[in-house]
Amino acid sequence: MAIRIDIDALLENLPTDVRNTALDVSTRIRSLRSSDGGARAAVTTPDSGAMDCWVGVADGELAADCECRAGRHQGRPQPLCAHAVVVARAAVEAGLPWSANATPSGSAVPKTAAEWVQIADGLTHRELVDLVADQAEQSRSFASSLLKAADLLEPPGPAEIALVRKAIDEALGVESGYEWDLHDIAVAGYRLAEELELLAERPATSEALNIAEEAIDAWDGHLYAVLSQDYRTYETEPSHIGGRIAAAHLAICASLRPDPEQLAADLVRLEGLAEIESSIDALSAYRHLLGPTGIAAYKDGIKQLRRARGW
């Protein structure tokens, strides 16, 4: 159930020091987004560095899970600090939805990650920053995730689009090599999926959507079938690679929010490219983007496609 937050009433009931800090013109906020039924962002106040802060309604009250007090509260909802007030106010102004029964993500650290969280928490700030910087220098994927978390990842330019197109061309060009085998197709397919996933992390553009469709055409339209020739050795790889490419396409569509009827037509066209099996699961994965109008258009388009092909 969605609820509304009265920011004016919240501000009136705050301690003076918390209210003044939250309203200070030098306070900054970035990476605001919905999270676990509440809102999350990084907040920098005049007296602190950037603090990761979650705010939501828990047990009928507005509560927070902020980095500034996480050690003392061990991930449990805590009293509102200035960072939490800033996030709550920004979320209301941005029109983000609020759940009546939210759960702070910090209170549910996966068991597999808990040990690493404890180790990282024991490092000094400099040690942690150095490790992150070194990892970002070594891994494009980690660097992309870091830039995205810092809200510094820009829309793709010609260079980023060119990297995906190069991966497509190299994957399609494997068979023209003097000596090649199906393993080379699988390696090129995974490389293509990785490049497209990096592209999909960026703010979406029409150029990104077009190149994602080209990747689907290359894989579902030809390479899926080539790799499936040895289904005993490569039983799962064709669908796994195709699934990653399709997921990247979905992420780009979710960011762009194309017209539902146009999206439906594009999905029908992309499914029609598949030689064996389409990696696109339109009615499940894209349902929230299609809506009733798009779903009806998609179903009609699929019927026409099947009728035209005698399926």
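Glutamate 137, at 69% relative accessibility, counts as exposed, where exposed means over 50% relative accessible area, buried under 20% and partly exposed in between (1.4 Å probe, protein chains only). The residue lies in helix H6 (residues 125-138); helices (H or I, at least four residues) and strands (E, at least two) are DSSP runs, numbered from the N terminus. This is a predicted model, in which local features need pLDDT of at least 70 and side-chain atom pairs count only at pLDDT 80 or more, while totals for chains, interfaces and linings use all residues. Residues are numbered from 1 along each chain as its sequence is written, and side-chain values use heavy atoms, with hydrogens and water left out.

Glu137 also belongs to a patch of negative charge on the surface, together with Glu127, Asp130 and Asp134. Patches are made of residues with over 30% relative accessible area and no salt bridge, joining like charges within 9 Å and nonpolar side chains (Val, Leu, Ile, Met, Phe, Trp, Tyr) within 5 Å. A nonpolar patch is formed on the surface by Leu123, Leu128 and Leu131, with about 240 Å² of accessible area together; accessible areas come from the Shrake-Rupley method with a 1.4 Å probe, and for residues only the protein chains shown count as cover. Of these, leucine 128 is found in helix H6 and is partly exposed at 37% relative accessibility.

Salt bridges come next. Side chains of opposite charge can pair when their charged atoms come close. Here a salt bridge is a side-chain nitrogen of Lys or Arg within 4 Å of a carboxyl oxygen of Asp or Glu, and the count by this rule comes to eight. One of them joins arginine 89 and glutamate 93 (3.7 Å, N to O), both in helix H4 (residues 82-94) and four residues apart, about one turn of the helix. Arginine 89 is partly exposed at 33%, whereas glutamate 93 is exposed at 63%.

Another salt bridge brings together the side chains of glutamate 160 and arginine 202 (3.8 Å, N to O). Glutamate 160 lies in helix H8 (residues 158-172) and arginine 202 in the loop between helix H9 (182-200) and helix H10 (206-227), so the pair ties together parts that are 42 residues apart in sequence. Arginine 269 and aspartate 266 meet in a salt bridge too (3.5 Å, N to O); being three residues apart in helix H12 (residues 260-272), they are separated by about one helical turn. Aspartate 266 is buried, with a relative accessible area of 14%, while arginine 269 is partly exposed at 40%.

Turning to a loop, glycine 37 is found between strand E1 (28-35) and strand E2 (38-44) and is partly exposed at 28%. Leaving aside neighbours within four places in sequence, glycine 37 is in contact (heavy atoms within 4.5 Å) with Pro97, Trp98, Ser99 and Ala102.

As for the whole protein chain, there are 14 helices and four strands, and the C-alpha atoms fill a box of roughly 70 × 45 × 35 Å, taken along the principal axes. Of the 311 residues, 39% count as buried. Among contacts between residues at least 6 apart in sequence, 64% join residues at least 24 apart.

Note on methods: Lys and Arg count as positive and Asp and Glu as negative; His and the chain ends are not counted. The place of a charge is taken as NZ of Lys, CZ of Arg, CG of Asp or CD of Glu.
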